[in-house]
Amino acid sequence: MISERMIPLVNNNSAIRTMFEEGKRLAEKYGRENVYDFSLGNPSVPAPEAVKKAICDIASSEDPVFLHGYMSNAGYEDVRAAIADSLNRRFGTGFDEENILMTVGAASGMNVILKAILDPGDEVIVFAPYFLEYNAYINNYDGKVVAISPDTETFQPKLSEFEERISERTKAVIINTPNNPTGVIYSEETLKRIGEILLKKEKEYKKPIVLISDEPYRELAYDGATVPYVTKYYHNTVVCYSYSKSLSLPGERIGYLVIPDEMEEHETVFSAATIANRVLGCVNAPSLMQRVVMRCVDEKTDVEAYDRNRRLLYGGLREAGFECVKPEGAFYIFMKVPGGDDKAFCEEAKKENILVVPGSSFACPGYVRIAYCVSHDMIERSLPAFKRLGDITVNQVFS
Ligand code: PLP
């Protein structure tokens, strides 16, 4: 009954989701306090108070026909203008409402822009490790994934391999910084180099290549790290933003695309993306949430809470004998697996009621992703279990 395209998706249903379900099962069996579920990127910090207030105020004060009605498929003009103003204030950009398209979160934003630009057989370059949902998004439009191998020393993109793998079939490149699953932030130098390489290749192949910057973690940066604004380094850049993590609203499904004026055929791309938003069935981003983010455009989540988690967990893992690159942003640690078998390690971890996601789920076997967007208390309670796991795996390498 189901389509050929869906069969592999059904058979390989997301390991992250499977782990999440496993967490619920273990919690029922052993009690929630005895299970250490680090599997899902679901923010533990509540949405800012201002969000709650905005929801209540808007729901009770605005004309319901207007509030809950259809609007332009790109979203409310005043919401888009407020977002553009905020970006301009923060990053010195020059956007207006014609550059902002409201989406149903980043997942939908990625689908919208890929639908707008991909023809069957077009190649899309991604840098391993990466959020594996990209494969499905690219496949939705018959694109082909080209994955650049990971630099496991730094988890920065391997630029020499990147340059070599760009071909006349390359239509887009996806970057994600701060990164899921490594927590690495791409430096300004790296972004400049990516821009230079793409410009050179555009000239060589006489065709545009779109850089898609997937940015759900933009606001989560630690130790004073800055996350450069990518549109400054390359003209054909589209930013895919989400409020899922920055305002802790993943279930509300709200985000936006930035399609700058510098982009070739900007107006046509914007129209195509707006129509893609409609024909993909989103029609428009949720109206109430658009109004809420407009009021909360400069609100911040409690980054300090994630930072405290990061420091506690990173320190605990190192003490238990594990190796990992210290994350600079997002809320994940990508930890090297002793012995290299990430799936076996996840099974071993489960015996300690620790749930983590294998690196294979991010096209980077030999590692596991540990999401620390959990309660500080849970991390504290989990450290003895990690220590035991370290004793078993680091010293003896399980079979
Ligand atoms: N891109 C990356 C790298 C993510 O980690 C996620 C969610 O975890 C998404 C996109 C999807 O985010 P959204 O909830 O905005 O659809």
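Trainee: Which residues do ring pairs link into a cluster?

Mentor: Happy to start there: this is a predicted model, in which local features need pLDDT of at least 70 and side-chain atom pairs count only at pLDDT 80 or more, while totals for chains, interfaces and linings use all residues. Residues are numbered from 1 along each chain as its sequence is written, and side-chain values use heavy atoms, with hydrogens and water left out. Rings of Phe, Tyr and Trp (its six-membered ring) pair if their centres lie within 6.5 Å; planes under 30 degrees apart count as stacked, over 60 as edge-to-face and the rest as tilted. Ring pairs of this kind join Tyr130, Phe131, Tyr134 and Tyr137.

Trainee: How many aromatic pairs does that rule give?

Mentor: A pair of aromatic rings is described by the distance of the centres and the angle of the planes. By the rule, the count of aromatic pairs is 20.

Trainee: Which kind of aromatic pair do Phe127 and Phe162 form?

Mentor: The ring centres of Phe127 and Phe162 are 5.1 Å apart. Their planes make an angle of 55°, and the pair is tilted.

Trainee: How many residues apart in sequence are the parts that this pair ties together?

Mentor: Helices (H or I, at least four residues) and strands (E, at least two) are DSSP runs, numbered from the N terminus. Phe127 belongs to strand E3 (residues 123-127) and Phe162 to helix H8 (residues 159-165), so the parts tied together by the pair have a sequence separation of 35 residues.

Trainee: Is Phe162 buried or exposed?

Mentor: Buried means under 20% relative accessible area, exposed over 50%, and partly exposed in between (1.4 Å probe, protein chains only). Phe127 has 5% and is buried. Phe162 has a relative accessibility of 0%, so Phe162 is buried.

Trainee: And which kind of pair do Tyr241 and Tyr243 form?

Mentor: Tyr241 and Tyr243 are both buried. With 5.2 Å centre to centre and 80° between the planes, their aromatic pair is edge-to-face.

Trainee: Where does Ala136 lie?

Mentor: Ala136 is buried because its relative accessibility is 18%. From C-alpha to C-alpha, Ala136 and Gly105 are 16 Å apart in space, and they are 31 residues apart in sequence. The place of Ala136 is in helix H7.

Trainee: Is Glu267 buried or exposed?

Mentor: Glu267 sits in helix H10 (residues 266-279). Its relative accessible area is 64%, so Glu267 is exposed.
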